[in-house]
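Please have the model open as you read.

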Amino acid sequence: MSTSTTASVSTHILDTSVGRPAEGVAVRLAARGGRDAHWQALGGSATDADGRCKDLPALPEGTTHVRLDFAVEPYFEGSAKKQADAQQDAPANRDSGAVFFPEVAITFAVDPGEHYHVPLLLNPFGYSVYRGS
């Protein structure tokens, strides 16, 4: 939860190739206090059955930038890849079968007192993110 001196972050993932939340994706959270500062790993979580990470660590006071790292390769190597391939004429059906985006790293700026919800819309060959509510 954000306070007047800190920001807070939440996220969720929707697998648009199957039209369902992406369950079991590991998410790591890092922060820094200035664009020239070093990243501080804060911990992580994994998405639940609703595709949400409800227990990401709190951001330290003075955080100006946040990075979310999504480990999507294991997710796509599992049953999600089979489901997506069955529903489309995807390049994975013709290629080596390697996951095109093994991870997704999203970096964004934050202000104290604000909450940042950053959804990831994911498919085997692309993704998009936005600041949600």
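Is Ser-45 buried or exposed? In this predicted model, Ser-45 is buried, because its relative accessible area of 14% falls under the 20% cut-off. Ser-45 belongs to strand β4, which covers residues 40-46. Its side chain makes a polar contact with the side chain of Asp-55 at 2.3 Å. Beyond the residues up to four places away in sequence, Ser-45 touches Val-25, Ala-26, Val-27, Cys-53, Asp-55 and Leu-56.

Now let's turn to Thr-11, which sits in strand β1 (residues 8-15). With a relative accessibility of 1%, Thr-11 counts as buried. A polar atom of the Thr-11 side chain is 2.5 Å from the backbone oxygen of Val-118. Neighbours within four places in sequence aside, the contacts of Thr-11 include Val-27, Cys-53, Leu-56, Phe-70, His-117 and Val-118. Leu-120 is 109 residues away from Thr-11 along the chain, yet their C-alpha atoms are separated by 7.4 Å.

Thr-63 takes us to a loop, the one between β5 (52-53) and β6 (65-71). Thr-63 also counts as buried, at 9% relative accessibility. Residues up to four places away in sequence are not counted here: Thr-63 touches Ala-31, Arg-32, Gly-33 and Val-110.

| Side chain | Partner | Distance |
|---|---|---|
| Ser-45 | Asp-55 side chain | 2.3 Å |

How values were computed. Residues numbered from 1 in each chain as written. Predicted model: local features only at pLDDT ≥ 70, side-chain atom pairs only at ≥ 80, totals over all residues. Heavy atoms only, no water. Helix = DSSP H or I, 4+ residues; strand = E, 2+ residues; numbered from the N terminus. Buried < 20%, exposed > 50% of the residue type's maximum accessible area, 1.4 Å probe, protein only. Contact = heavy atoms within 4.5 Å. Polar contact = N/O pair within 3.5 Å; in protein donor to acceptor, adjacent residues only side chain to side chain.
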